Amino acid sequence: MAQSVVLASARMGIVDFDFVPLRGTADPYPIYDRMRETGRVLRSPFGALMVHRYDDVRTTHGDHDAFSMAAAATGDGGMRASMGGGRRAEGSAVEGMQGGGMQGDDFFLAQTMLTTDPPDHERLRRVVNRAFTPRSIAAIESRVRELARELLAPLANGEPFDVVADFAGPLPTIVIAQLLGVPEEDADQFRIWSEVVAGTDVRGRGTPEASRRYGMELRQYLADQIARRKGEPTDDLIGRMVEANSEEIMSDAEVVAACVLLLVAGNETTMRLISNMTLALSRFPEQRELLVDDPELITPGVEETLRYDSPVQMLFRASKEDTTVGDVEIPKGQFVLTMLGAANRDPDAFAHADQYDVTREENMHIAFGHGIHYCLGAPLARRETRIAFEELLQVAPEFEVLTPDDALDYPPTGMLRSPRTLVVQAV
Amino acid sequence: MRVVADLSTCLGNARCVATAPEVFDVDDDGVVVVLDATPSPDLAAKVDLAVRSCPTGSLSIED
């Protein structure tokens, strides 16, 4: 009786929860279980609210007026007060959202679709949308396959192979450079810039100082490429953006920022998705065998990896007005962490939620978010990852992981999730 | 069954194209095109899933 009273009152309001989301953990899933048991809306020791139920995350993302991306990025709407006046807290939100690599101040010199609300969001996304169509992404299928084969050669030869540094990282980095239309002769330089700037520099070549310099050089380079295409249109991502922007809906700095965003938001996340899928397939060999026997299952297998071990574990919003999540009142000016990784394991939304099942039907996971900020690069990430495993499982239908579990080295922010190194060998 | 798309909210995420390519496409402006507004009943389950999968809620079915 007493217990049910406690539970009932816990459901009514915001409940304190002893978890600092930006201090990572190798296994967050038991923590998410504890969140579900504790209450519907939680407050972390660093002040942010957390929603973790699938329906609540979906509703929060869908209501971009009440739960604003712009307010989360800029700390508008009384947020500083709610965060204890913290520039620092604000910085950590920003840092987490972009996945490291770039400093917040640089990043927000020009706005992108990621950190804006309507009507700016539409203006900034429309031009990129016209360049980044499903058709333009489908056109690179054979090039991605060719590249995957090249990168996988050491694995095919039976050598120990770091899936993260030698495959999952380079693949999206090289593909996006080609999609953007970076000329062949600049490809190596561009790859170095984007590895350091976009968080795929897993071997740690870039110092923070180099990272800032590379960020500036990368922007300058992109600005030159944009200027070059104004006279002579090209059929690549930058060229099509320039063309779609012929009425100057966006400033040149905004087009540069959009290109940088494609690298920052796309490369590291795809790297993490491919890494997590490799790990899941090693842990569940019967699932791997299903994919080897029927490669058609790789497509739902990618979806299941997105759900089971989401590369992006959480995303920020901020309440721009007094609002509610279910029966819980949310005051204006709160940072709200939407826990994608928890929502994707919500037993109320998914049958056998903690089980990795590549044959899962109607897998409506929320790994790419929901609403107007739904991941623009999702079709590219899905395609790259599908091709990655069509090729990987061809050269290594059976493989073992050589990296011990305690050396997987998950990132210190719990925001993004995947091992830093994952050495495998074909059996 | 009649499939209706709200072009003012569509952001061209193309989940519908992945789910029911017989019924949906995304054009070069990055916006959905309904290829078949009155799909045959055997496509109903796929179309229903496509409608529910749309990240911007831009699709609906009118009876």
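**Helix packing and its surroundings**

Modeller: Chain B has a mean pLDDT of 95, and 100% of its residues reach 70 or more, where pLDDT is the predictor's confidence in each residue, on a scale from 0 to 100. The model as a whole scores ipTM 0.94 and pTM 0.91. What we have is a predicted model, in which local features need pLDDT of at least 70 and side-chain atom pairs count only at pLDDT 80 or more, whereas totals for chains, interfaces and linings use all residues. Residues are numbered from 1 along each chain as its sequence is written, while chains are lettered from A and ligands numbered from 1 in the order in which they are written.

The part I would examine closely is helix 14 (residues 208-231) of chain A, which packs with helix 15 (residues 237-244) of chain A at an angle of about 60°, their axes lying 9 Å apart. Helices (H or I, at least four residues) and strands (E, at least two) are DSSP runs numbered from the N terminus; axes are lines fitted to C-alpha atoms, for helices over the stretch in contact, and angles run from 0 to 180 degrees between N-to-C directions. Helix 14 of chain A passes helix 15 of chain A in a right-handed crossing, the near helix being turned clockwise from the far one, as against anticlockwise by less than a right angle for a left-handed crossing. Helix 14 of chain A brings Gln225(A), Ile226(A), Arg229(A) and Lys230(A) to this contact, and helix 15 of chain A brings Ile238(A), Gly239(A) and Val242(A), a contact being a pair of residues whose C-beta atoms, placed from the backbone, lie within 7 Å. These residues divide into 3 nonpolar, 2 polar and 2 charged, with Ala, Val, Leu, Ile, Met, Phe, Trp, Tyr, Cys and Pro counted as nonpolar, Asp, Glu, Lys and Arg as charged, and the others, Gly among them, as polar.

Helix 14 of chain A also packs with helix 16 (residues 252-283) of chain A, at an angle of about 120° and with the axes 9 Å apart. That angle makes helix 14 of chain A oblique to helix 16 of chain A, in a scheme where angles under 35 degrees count as roughly parallel, over 145 as roughly antiparallel, 65 to 115 as roughly perpendicular and the rest as oblique. The crossing of helix 14 and helix 16 of chain A is right-handed. Here Leu218(A), Arg219(A), Leu222(A), Ala223(A) and Ile226(A) in helix 14 of chain A meet Asp252(A), Val255(A), Val256(A), Cys259(A) and Val260(A) in helix 16 of chain A. The residues of this contact divide into 8 nonpolar, no polar and 2 charged. Ile226(A) takes part in the contact with helix 15 of chain A and in the one with helix 16 of chain A.

The residues where helix 10 of chain A meets helix 12 of chain A include Leu147(A) and Leu151(A) on the side of helix 10, and Ile174(A) and Val175(A) on the side of helix 12. This contact divides into 8 nonpolar, 1 polar and 1 charged.

As for the sheets, 6 strands of chain A form an open sheet of mixed pairing in the order 1-2-3-9-6-4, two strands being paired if DSSP finds at least two bridges between them. Strand 1 (14-16) and strand 4 (67-68) of chain A stand at the edges with a single partner strand each, so one side of each is left without a neighbour in the sheet. Within it, 3 bridges join strand 3 (residues 49-51) of chain A to strand 9 (residues 335-338) of chain A, and the two run parallel. Helix 3 (residues 54-62) of chain A packs on this sheet, touching strand 3, strand 4, strand 6 (315-319) and strand 9 of chain A, and its direction makes about 125° with that of strand 9 of chain A. A second open sheet, of 3 strands, has the order 5-11-10 in chain A with antiparallel pairing. Strand 5 and strand 10 of chain A are its edge strands, each pairing on one side only.

Finally, 14 residues of chain B are in contact with 13 residues of chain A. Helix 2 (residues 44-53) of chain B gives the most to the side of chain B that touches chain A, with 3 residues. The residues on that side divide into 6 nonpolar, 5 polar and 3 charged.

Terms used: Contact = placed C-beta atoms within 7 Å.
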